[in-house]
Amino acid sequence: MRIVIAGGHGQIALRLERLLAARGDEVAGIIRKAEQGDDLRAAGAEPIVLDLESASVEAVAERLRGADAAVFAAGAGPGSGVDRKHTVDKGAAVLFADAAVRAGVRRLVLVSSMGADPGHRGDEVFDVYLRAKGEADAYVQGLDSLDWTILRPGSLTDDPGTGLVRLEARTGRGTVPRDDVAAVLAELLDTPATSGLTLELISGSVPVPVAVKALAGN
């Protein structure tokens, strides 16, 4: 498959790029800064320099044409303010989804956050983040022209992955290594029968392939 990843220099995205490249997929990652390109090439991915906060839908669609699937793994980051929660966590996700539709890429996997909710209340930066993520999720869920899956991981850690997870519509709070999030994303891309599902992810006791196939009805 050819897979294009938004937020290609993120910690989860780099892990995902390594996994996909190692299994023989053709991978490209969208990045904001050209100097990040070497890290992507080292992971086995083609860097695409494009700012999703200022690009047009058509410019993004042009980069997506010919792809078999797309992954939105971009985020404004923990040090960013309220404005970038709107422009990246919501705005860039909506733009990327619209571009996938225009490019004819049906399969989209969106990395969201546990607790994402368009009706979330509060004015702190994290409240705005959860609301922005929830609004992006709701927008994607309304697009019939996409075969979308939304993944909402719990609190992320840099612990080595175990390959054992709990992946359900509702898991409750918990932590999960970024390694295991990337492994789940790779498996979801291979399992289009998970389309239309919004899933929470934390560490658990079920091997990643088994957890994903169970949700796909297999």
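Student: What makes both faces of strand E4 (residues 69–72) count as covered?

Tutor: Ala69 and Val71 on one side, and Ala70 and Phe72 on the other, are all buried, where buried means under 20% relative accessible area, exposed over 50% and partly exposed in between, with a 1.4 Å probe and protein chains only. This is a predicted model, in which local features need pLDDT of at least 70 and side-chain atom pairs pLDDT 80 or more, while totals for chains, interfaces and linings use all residues. Residues are numbered from 1 along each chain as its sequence is written, and side-chain values use heavy atoms, without hydrogens and water.

Student: How do you know that E4 pairs with strand E1 (residues 2–6) and strand E5 (residues 107–111)?

Tutor: Two strands, which are DSSP runs of E with at least two residues, pair if DSSP finds at least two bridges between them. E1 and E4 run parallel and are joined by 4 bridges, and E4 and E5 also run parallel with 4 bridges, so each couple meets the rule. Ile3 stands opposite Ala69, and Leu108 in E5 is the bridge partner of Ala70.

Student: How do you know what span to expect for H6?

Tutor: A helix, a DSSP run of H or I with at least four residues, has an expected span of 1.5 Å times one less than its number of residues. With 12 residues, H6 reaches 17 Å from its first C-alpha to its last, close to the 16 Å expected.
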